[in-house]
Amino acid sequence: MGGKGTWLERASGWATKWTGSSLAFGLAVGTIVVWAVTGPIFTFSDTWQLVINTGTTIVTFLMVFLIQRAQNKDSRAVHLKLNEIVAALPWSSNRLISAEDLTEDEVRVLTEHFRKLVELAKQDEDFKASHSIEEAQVEHDRKQASRGPRSGVGSGPDEPRGRGAQAGFRS
C-alpha cells in the first residue's frame, strides 16, 4: 500500500513519520541548545529571541496539522477494524457498526441502552448469555419467570449475585 495517494499525502505521511523520530527530537533539542549558547554572543537581543519564537511558532503551526492528520488516519483505521470485528462476531450488535458517525443524541440513547444491559448482566448467572438489549430483556424476563418468587436468595447486600456481577459487563 506504500507509495499510493497524492504527493501531498505522501509528503505529510513522510513528515509525520520523520517528526516522530528520535533524529527529529535530537535536532529539536540541538536547535534549542545552539540558540541558548548563542544568547551571550547576541547579547540576548530582541532579534535573538524573535528567531526562536518565530521558528517554534512555525513548527508548532505545521505540527498541529500533521498530528491531526495522523490521528484522523489512525482513528479511521481503528474504526474500520472495530467495525470488522462487530460485523464478524455472531453475538455482537450490528447497530454499533460505524457508531462514530452517530449524532450525540444517538450515542446517548445507545449508552443508556447499554447501561440497562449492564444492569441486566449483573442480575444474570451467565454474563455471556445475551448480546443485545432486546435479547437480554427477553432472557432476563424468562429467567425471572422460571425462578419464581425466591425470597432472600442472592438478594442480600453481602451475597454474590452470580458470575456476571463479579466479572463485570461482558457482551
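**Close-up views of a predicted model**

**View 1. The largest pocket has a volume of about 660 Å³.** The model is predicted: local features need pLDDT of at least 70, side-chain atom pairs count only at pLDDT 80 or more, and totals for chains, interfaces and linings use all residues. Residues are numbered from 1 along each chain as its sequence is written, and side-chain values use heavy atoms, without hydrogens and water. A pocket is an open set of points on a 1 Å grid over the protein atoms alone, where a 1.4 Å probe fits, with protein on both sides within 12 Å along at least five of seven lines; lining residues have an atom within 4 Å of a point. Its volume is the space filled by probe spheres set on the points. Lining the largest pocket are 23 residues; Ala24, Ala28, Thr31, Gly55 and Val59 lie nearest its centre. H3 gives the largest share, 10 residues. The lining has 17 nonpolar, 6 polar and no charged residues (nonpolar: Ala, Val, Leu, Ile, Met, Phe, Trp, Tyr, Cys and Pro; charged: Asp, Glu, Lys and Arg; polar: the others, Gly among them).

**View 2. Helix H2 (residues 22-38) meets helix H3 (residues 46-88).** Helices are DSSP runs (H or I, at least four residues), numbered from the N terminus. The two axes come within 11 Å and cross at roughly 170°. Axes are lines fitted to C-alpha atoms over the stretch in contact, with angles from 0 to 180 degrees between N-to-C directions. H2 and H3 are therefore roughly antiparallel (over 145 degrees). Ile32, Trp35, Ala36 and Thr38 in H2 meet Trp48, Gln49 and Ile52 in H3 (contact: heavy atoms within 4.5 Å).

How values were computed:
Helices (H or I, at least four residues) and strands (E, at least two) are DSSP runs, numbered from the N terminus. Angles under 35 degrees count as roughly parallel, over 145 as roughly antiparallel, 65 to 115 as roughly perpendicular and the rest as oblique.
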